[in-house]
Amino acid sequence: MISKYGVSILPKYGADGDFGSETVAALAKAGLPAVIDESTYYVFVQGSSSATDKSALASKFLAAATTSNLSTVLGLLKQMNTKEDYKQVSAAFSQLRLRGVRQTLVNGLLSSFSKESDKEQIRYQFIRMGLRYNGSTWSLDGIDGRTLITIEPANVWINANERMEVPQKTVLGAEVTKKLDYTLFENKGRYFLVATKSIKYL
């Protein structure tokens with residue numbers, strides 16, 4: 001599971017050899033049954049991404065970026081779920097030449113579209129994978145876990161007495177847990193609360 005989804009799928013104990021509650025939760029998160037029989041195991045393992053898959057994906061990105069085909073780019077991005085996926089595909093993509101230049105996947109895709117609304121959709125997909133964007137540059141030092149985004153203007157509670165209002169489509173951070181009507185999330189090592197009804201997973 002770590003090979004396919006990255007370390008964020010088992011953030012607390014990792015590959016400790018114990019089939020515990022974290023493993024059960026990870027299987028559910030991946031849409032797999034809680035009991036893995038032999039057939040399911042082999043389907044899962046054979047479906048894992050390989051280096052060949054990453055190279056093929058990079059080539060598909062090149063073709064879609066060359067023709068500025070947004071729907072194809074978004075569909076391909078949705079096949080990537082972790083920073084590790086990004087690193088592997090971007091490494092393969094940077095060996096190719098887009099308009100005569102070698103570049104990272106982020107730069108290649110964003111430079112292929114002129115409309116800001118198109119770029120915004122692409123940026124959201126990179127954030128979903130765990131990359132971090134500071135307004136001008138991208139970093140792999142992103143957040144692990146399921147990323148949250150507001151679906152309406154919302155109050156984010158800093159502590160019991162302080163709150164700040166954030167607009168719709170604000171990327172908040174990584175979900176930690178839900179309690180009653182609120183979701184606890186982490187951003188840059190700090191913890192905040194937001195009403196669960198005001199958010200969705202990115």
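How exposed is S68, in terms of relative accessible area? S68 is partly exposed, with a relative accessible area of 37%. The model behind this value is predicted.

## Overall build

The protein chain has 202 residues, and 37% of them count as buried. Its secondary structure comes to 8 helices and 9 strands.

Take the contacts between residues at least 6 apart in sequence: 48% join residues at least 24 apart. The accessible surface is about 11800 Å². Carbon and sulfur atoms account for 52% of that surface.

## Strand pairing around β6

Strand β6 covers residues 171–179 and pairs with strand β3, residues 147–150. The two run antiparallel and are joined by 3 bridges. Within this pairing, L148 has G173 in β6 as its bridge partner.

β6 also runs antiparallel to strand β7, residues 182–187, with 5 bridges between them. Here T177 is bridged to L184 in β7. β6 and β7 form a hairpin with 2 residues between them. In that turn, L180 has a positive phi of about 55°.

## Positive phi in two loops

Most residues other than glycine have a negative phi. S68 is not a glycine, yet its phi is positive, at about 50°. S68 lies in the loop between α4 (51–66) and α5 (70–77).

K169 also has a positive phi, near 65°, and is a residue other than glycine. K169 sits in the loop between β5 (163–166) and β6. Its relative accessibility is 46%, so K169 counts as partly exposed.

Technical notes:
Residues are numbered from 1 along each chain as its sequence is written. This is a predicted model: local features need pLDDT of at least 70, side-chain atom pairs count only at pLDDT 80 or more; totals for chains, interfaces and linings use all residues. Side-chain values use heavy atoms; hydrogens and water are left out. Helices (H or I, at least four residues) and strands (E, at least two) are DSSP runs, numbered from the N terminus. Buried means under 20% relative accessible area, exposed over 50%, partly exposed in between (1.4 Å probe, protein chains only). Contact means heavy atoms within 4.5 Å. Accessible areas come from the Shrake-Rupley method with a 1.4 Å probe; for residues, only the protein chains shown count as cover. Two strands pair if DSSP finds at least two bridges between them.
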